[in-house]
Amino acid sequence: MRVAFLADIHGNLPAFEAALAHLKTQSPDAVFLAGDQINRCPWNNEVMDLVDDLGWPAIQGNHELVVGVINTSDNWWPFTERHRFPILWWTQEHLRCEHLAAIRTLPESMHIRFDGAPPIFLVHGVPGNPHVGFYPAMTDDAARDALAAVTEPVVICGHTHRPIDRQVDEWRIINAGAVGLPYNGDARAQYVLLDLEKLVDGPQWRPTFCQVEYDHSVIPIAYAESGLHEAGAPMSRLTLRTLMTGDPW
């Protein structure tokens, strides 16, 4: 059995399309989306159109959570201050109504079970808080505290935009990396495959981290033509630099 997890697409259509093309060559039995499908790139509607067509199970990231409440009475400080989060506000105002409705209904996490395989807990950040994630430098104690209520031995996450494969006590933490906006110095689209292996001490998931080249030259053009570059002010310039380099500007 082979299962794929894609996280942090962030509205980056060319990166998503490249990951999908590569994924077809890998023949996964199931694919899951680990949140932050939208925001920071100008192709949010196009990405959500693809997500709808594919029909893969998806969870909510912090960007779906915030975009879903902007311009509603449920919004909270500091996201009520448009000048501090211009890209989030731009995304909310350009995302079509059906996609806004869809991101508001996404679950915060997912329990995934396949016959004969270790159970998986899928979450965007840490359980109960999509704004905080599992970082490579996170201490074991902090990870234990975050995972105290998780019963599954395998935890798949996103949010930090950095691939991770780490064992903490009984939990194996696997960060899928970012499809659309990596922070690990590698600007390629990144995702993870899990293959089920039958070992002497029982079945285990073996991760393979995938990196896929795509054409970055279209990104600055789309930023300018969509109006996102101007609307996002300095944040757009920093995000664009991150997209082009893979460094977390």
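This is a predicted model: local features need pLDDT of at least 70, side-chain atom pairs count only at pLDDT 80 or more; totals for chains, interfaces and linings use all residues.
Visitor: Is Ser 27 buried or exposed?
Guide: Ser 27 also calls for a look at its backbone, with a positive phi of about 50° although it is not a glycine. Most residues other than glycine have a negative phi. Ser 27 sits in the loop between α1 (13-24) and β2 (30-33), and because its relative accessibility is 53%, where the limit is over 50%, Ser 27 counts as exposed.

Visitor: Is the peptide bond from Trp 77 to Pro 78 cis or trans?
Guide: Most peptide bonds are trans. In this model Pro 78 lies in the loop between α3 and α4. The omega of the bond that joins Trp 77 to Pro 78 is near 10°, and the bond is cis.

Visitor: Which elements do the buried residues of α5 pack against?
Guide: In helix α5, which covers residues 97-104, the buried residues are His 99, Leu 100 and Ile 103. Seen down the axis of α5, these buried residues fall within an arc of 105°, so they line one face of the helix. The elements that the buried residues of α5 pack against are α2 (44-54), α3 (62-67) and α4 (86-94).

Visitor: How many residues apart are Asp 169 and Arg 144?
Guide: The side chains of Asp 169 and Arg 144 meet in a salt bridge, at 2.5 Å from N to O. Asp 169 belongs to the loop between β6 (164-168) and β7 (171-175), whereas Arg 144 is in helix α6 (residues 140-147), so that the pair links distant parts of the chain. Both partners are partly exposed, Asp 169 with a relative accessible area of 44% and Arg 144 at 29%.

Visitor: How many salt bridges does a search of the whole structure find?
Guide: Side chains of opposite charge can pair when their charged atoms come close. Another example in this model is Arg 172 with Asp 165, whose closest N and O atoms are 2.9 Å apart, and Asp 165 is partly exposed, with a relative accessible area of 38%. Over the whole structure, the number of salt bridges found is 13.

Visitor: How many disulfides does the count come to?
Guide: A disulfide is a covalent bond between the sulfur atoms of two cysteines. For Cys 210, which is buried with a relative accessible area of 7%, the closest cysteine sulfur is in Cys 157 at 16 Å, too far for a bond. With a cut-off of 2.5 Å between cysteine sulfur atoms, the count of disulfides comes to zero.

Definitions and conventions:
Residues are numbered from 1 along each chain as its sequence is written. Side-chain values use heavy atoms; hydrogens and water are left out. A salt bridge is a side-chain nitrogen of Lys or Arg within 4 Å of a carboxyl oxygen of Asp or Glu. Helices (H or I, at least four residues) and strands (E, at least two) are DSSP runs, numbered from the N terminus. Buried means under 20% relative accessible area, exposed over 50%, partly exposed in between (1.4 Å probe, protein chains only). The arc is that of the directions from the helix axis to the C-beta atoms. Contact means heavy atoms within 4.5 Å.
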